[in-house]
Amino acid sequence: MNPQPHIKRPRDPRLDFFRGIGMFIIYIAHVPSNWWTLWIPARFGFSDATEIFVFCSGMASALAFGKIFDLHGWGMGAARILHRMWQVYWAHIGQFLVIAVGLVMVHESGYLKSCCDLTQDYVVSLNLWHLFNKTAVALPGIMTLTWVPNYFDILPMYIVILALIPAIMLAARVSVIAAFVLSIGLWLASQFDLLSLPAEPWSDREWFFNPFAWQLLFFTGFAFMRGWIPAPPVNAKLILACAIIVLATVPFAYFRVYGENYLDWAWARDIRTSIKPLWIKTEFGILRYIHFLALAYLAWAAAGEHGKYLLGHGKVWGGFVRVVQKVGQQSLAVFMASLVIAQAAAILRDMVWGRGEWMPQILSNLLGFAALIAVAYLVSWIKSDPWRKPPGKATLQPEFTRRPSPPAASGEVSGTKEKDKALT
């Protein structure tokens, strides 16, 4: 019997679009002293772009790796996960060294002081001097992921969560309920500080993103794409309930409401403080989970079935959607580049003393967006293996590089001459 050809599942436009939006927000959040961060979703609710990244990564992982477990068995699926962990690990190491060494080179050159009278220590702002002052401890810490500076904490979290996929898939072989029990059990253990990882060899600081807590959100997205959780219906009652959750969160999340120097709603500030374990970011408090699911439902309903409301609304909007989707499709490469670009943009902005000025701030964000888009299209082009494609018909090789054609048969001479005339 001939094997049935595997039909490639089309990409969901919603997944790529919202992942792309998350990449832009993450870039804004990583530019130091960026006033645009006052308007990102994290300022108005408990969840932020990190939740978008983790949830969408879970969905994408179900598409990318789930089929391998189904077709080739658990062992081959686990091997594929190990390969992906290896890739992300070296991406993290390379990204760290590029930023750390680059900032030290700029600092030690003295150029910022001589050209612009800048005395800002960009190395200490990321807590990276340990790599050079405590190399014997810091370098092994980087390689073993036991030293994880806060600026570099998302990819290590992603590596550990990837390592949990084979365990979840093994539990799912028993039953889907067993997979849910395992994921929820890990989350509960992290809430009681029973599971955590060290972030510094010289202190008791833990990873800012506890992967055993954040995996709950990752595997929620994973479960949706695997079909373990049915898609919720779109109706007015659910939309209203989610909207109420999102709006009711604002007084306890927005600093201009509870802040002493702003509206100074003392009761909101007191409640925010008392419920901190429920919205804390490190252990992924339950209110972050609820807030994100409510926000995700509203976004999912707004996008429409199969993303129909994202498409077909004119050239301008369609072009915008396609660009954002391209960024979302290359989220790992874009994320890695965004951390480097964010530091470079901040330094260039500070060189013109524009930290408090509107135009340099706007340019540092918009030009950063353009750089992320360029990275996404470049990586997409490279992944397409353009060097494997046949050259275009209009591409003519130089005369001295052409291979001599074999002699034509007598019956082919006239046809060949006609083709030569057409080319000339």
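# Labels and the values behind them

Q: What makes Asn127 partly exposed?
A: Asn127 has a relative accessible area of 31%. Buried means under 20%, exposed over 50% and partly exposed in between, with a 1.4 Å probe and protein chains only. Asn127 at 31% is therefore partly exposed.

Q: What kind of model is this?
A: This is a predicted model, in which local features need pLDDT of at least 70, side-chain atom pairs count only at pLDDT 80 or more, and totals for chains, interfaces and linings use all residues. Residues are numbered from 1 along each chain as its sequence is written, and side-chain values use heavy atoms, with hydrogens and water left out.

Q: Where does Asn127 lie, and what is its phi?
A: Asn127 is in the loop between α4 (122-125) and α5. Its phi is positive, about 60°, although Asn127 is not a glycine. Ser33, also not a glycine, has a positive phi of about 50°. Ser33 belongs to the loop between α1 (13-30) and α2 and is partly exposed at 41%.

Q: How many helices and strands does the protein chain have, and what makes a stretch count as one or the other?
A: The protein chain has 18 helices and zero strands. Buried residues make up 44% of the 424 residues in the chain.

Q: How do you know that a disulfide joins Cys115 to Cys116?
A: The S to S distance of Cys115 and Cys116 is 2.5 Å. A disulfide is a pair of cysteine sulfur atoms within 2.5 Å, so the pair counts as one. A search of the whole structure finds one disulfide. The angle about the S-S bond is -80°, and the link of Cys115 and Cys116 is left-handed.

Q: Are Cys115 and Cys116 buried or exposed?
A: Cys115 has a relative accessible area of 34% and is partly exposed, whereas Cys116, at 14%, is buried. Two other cysteines are buried too: Cys56 at 6% and Cys242 at 11%.

Q: Why are α2 and α16 called roughly parallel?
A: The axes of α2 (49-109) and helix α16 (residues 331-351) cross at roughly 10° and come within 10 Å. Axes are lines fitted to C-alpha atoms, for helices over the stretch in contact, and angles run from 0 to 180 degrees between N-to-C directions. Angles under 35 degrees count as roughly parallel, over 145 as roughly antiparallel, 65 to 115 as roughly perpendicular and the rest as oblique. At roughly 10°, α2 and α16 are therefore roughly parallel to each other.

Q: Which residues make the contact of α2 with α16?
A: Contact means heavy atoms within 4.5 Å. The α2 side consists of Arg84, Val88, Ala91, Gln95, Val98, Ile99 and Leu103, and the α16 side of Leu332, Phe335, Met336, Leu339, Val340, Gln343 and Ile347.

Q: How do these residues of α2 and α16 divide into nonpolar, polar and charged?
A: The contact holds 11 nonpolar residues, two polar and one charged. Ala, Val, Leu, Ile, Met, Phe, Trp, Tyr, Cys and Pro count as nonpolar, Asp, Glu, Lys and Arg as charged, and the others, Gly among them, as polar.

Q: How do you know that the buried residues of α6 line one face of the helix?
A: The buried residues of helix α6 (residues 135-143) are Ala138, Gly141 and Ile142. Seen down the axis of α6, they fall within an arc of 95°, so they line one face. The arc is that of the directions from the helix axis to the C-beta atoms. These residues pack against α2 and α5 (130-133). Just after α6, Leu145 has a positive phi of about 60°.

Q: What makes Leu310 buried, and which residues does it contact?
A: Leu310 has a relative accessible area of 6% and is therefore buried. Leu310 sits in the loop between α14 (286-303) and α15 (315-329). Leaving aside neighbours within four places in sequence, Leu310 is in contact with Pro13, Arg14, Phe17, Ala303, Trp317 and Val321. Leu310 and Arg14 are 296 residues apart in sequence, with 7.9 Å from C-alpha to C-alpha.

Q: Why does Phe219 count as buried?
A: Phe219, in helix α9 (residues 211-226), has 6% relative accessibility, which means that it counts as buried. Not counting residues up to four places away in sequence, Phe219 touches Ile161, Leu164, Ile165, Ile168 and Ser183.

Note on methods
Helix = DSSP H or I, 4+ residues; strand = E, 2+ residues; numbered from the N terminus.
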